[in-house]
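Visitor: Could you walk me through this model, one question at a time?
Guide: Gladly; let us have it on screen before we start.

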Amino acid sequence: MDRLYEQIAAAPGGRVSYADYMQMALYDERFGYYMRERAKIGKRGDFFTNSSFAPVFGKALASLWVRMVEQSGLPPAVCEWGGGDGRLALSVLEEWKKKSPHTYDRLSYTIIDQSPFHRRRQRETLQPAAEKVEQYDDVSRWLAERGPFSGIVFSNEFFDAFPVHVIVKEGGVLHECFVAARDGRLVEEKAPLCRPAIVRYLHERGLDLAEGQRLEVPLAMKAFWLEVGPLFHQAVMVTIDYGYTDEQLRAPARRHGSLRGYFRHQLVADPLRHPGEMDLTSHVQWDALRLYARQAGWEEVAFVRQDRFLLAAGLLHEWDVSEGDDVFSPASRQNRMIRALIADDGVSRFFDVLILQKGMSFAARDFWPAPEFLPAD
């Protein structure tokens, strides 16, 4: 807190944008949350994610990706953006080896993760498949070294951690919100909007805020797509995250914005609490991501809720009919994970899946063993 406060106090006017605050609080090499040597995922961390269901989640992903590779000629190469502790990657690799030994021999699996702690955990977790895995700390650096990529790109809760600017409409005037260092505390301050990049974003997105509405502006996500999106040759991208479409953003319940923190499995409404010690996240604006992906040369294949994606990918094929009465057996544990992922009130109701392609000609129903679970074309 002291070091971050000093940095903000030294900025012009003693304040920074929310995007700059998030960049410092999450990614600063000295005190950023993701740079810290501590668990962030699971019981000892601050939040759960899909990797908590890695044994069955990875099987569903591997089954889908093997079919795509075998039936389309797509190279057997995967790049995961934000690999967490590596458990999901290990599950994918183990299942891929079982289902398609001949493509596994040529398979490469790259993980991009800024966190030194996570990269170390990944190396430990992925030791059984170490010869298949390489790591990078930055997507741009990976592409600069490797050149245009062909294969499968996967991310789980990656874009929600991008820094965002924050604006609000008050008295009919748009204001940008800032984080200021005042009297030993971090506080929010507002000023009439004068940042041209935000004005352009609102114009090209066709967004008009209601009175009192607060909105995150993902300029970093836009810049990311326009920079790295063109640097792919033949690829399919599977993006899993929580977010809103523009229609959902217009709902009164969404007018207070979505920038939040997660600290020891508690949602923290004030993003200025526990700086550097808690995760900061905002909901992905799906229609913005789709827009900038199109501008970068990508085509949308499907957009579907996570439970329907997993069902269409064949997750129920993993149901173990030998479950029996032993609730502690591996079969029972696996089936509980499947229930948690596909139940109407389960974890998947919070997540959507966007599938994009570049240089390929997939249709949404081409490679699904259970296409009836996908939305109608």
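Guide: One definition to begin with: buried means under 20% relative accessible area, exposed over 50%, and partly exposed in between (1.4 Å probe, protein chains only). The model is predicted, so local features need pLDDT of at least 70 and side-chain atom pairs count only at pLDDT 80 or more, while totals for chains, interfaces and linings use all residues. Residues are numbered from 1 along each chain as its sequence is written, and side-chain values use heavy atoms, with hydrogens and water left out.

Visitor: Is arginine 195 buried, partly exposed or exposed?
Guide: Arginine 195 has a relative accessible area of 29%. Since the middle class runs between the 20% and 50% limits, arginine 195 is partly exposed.

Visitor: Which residue does the side chain of arginine 195 meet in a salt bridge?
Guide: A salt bridge here is a side-chain nitrogen of Lys or Arg within 4 Å of a carboxyl oxygen of Asp or Glu. For arginine 195 the N to O distance is 3.1 Å.

Visitor: What are the bounds of domain 1 and domain 2?
Guide: Domain bounds come from an automatic or database domain assignment. For the protein chain, that assignment gives domain 1 as 1-28 + 164-217 and domain 2 as 48-161 + 221-245 + 264-373.

Visitor: How far apart do the C-alpha centres of the two domains lie, and what area is buried between them?
Guide: The C-alpha centres of domain 1 and domain 2 lie 31 Å apart. Buried area is the accessible area (1.4 Å probe) that two parts lose on being put together, summed over both. Carbon and sulfur atoms give 58% of the area in this case. The total buried between domain 1 and domain 2 is about 1500 Å².

Visitor: Which salt bridge does the rule find across the interface of domain 1 and domain 2?
Guide: The rule finds 1 salt bridge across this interface.

Visitor: Which element gives the most to the side of domain 1 that touches domain 2?
Guide: Contact means heavy atoms within 4.5 Å, and 19 residues of domain 1 are in contact with 16 residues of domain 2. Helix H2 (18-27), strand S8 (185-192), helix H8 (196-205) and strand S9 (214-217) each supply at least two residues of that side of domain 1. With 6 residues, the top contributor is H2.

Visitor: How many residues of H2 are buried?
Guide: The buried residues of H2 include Tyr18, Met22 and Leu26. H2 is largely enclosed by the rest of the structure, because among its 10 residues the number buried is 8.

Visitor: Is aspartate 183 buried or exposed?
Guide: Aspartate 183 is found in the loop between S7 and S8. It has a positive phi of about 50° although it is not a glycine. Because its relative accessibility is 80%, aspartate 183 counts as exposed.

Methods: Helix = DSSP H or I, 4+ residues; strand = E, 2+ residues; numbered from the N terminus.
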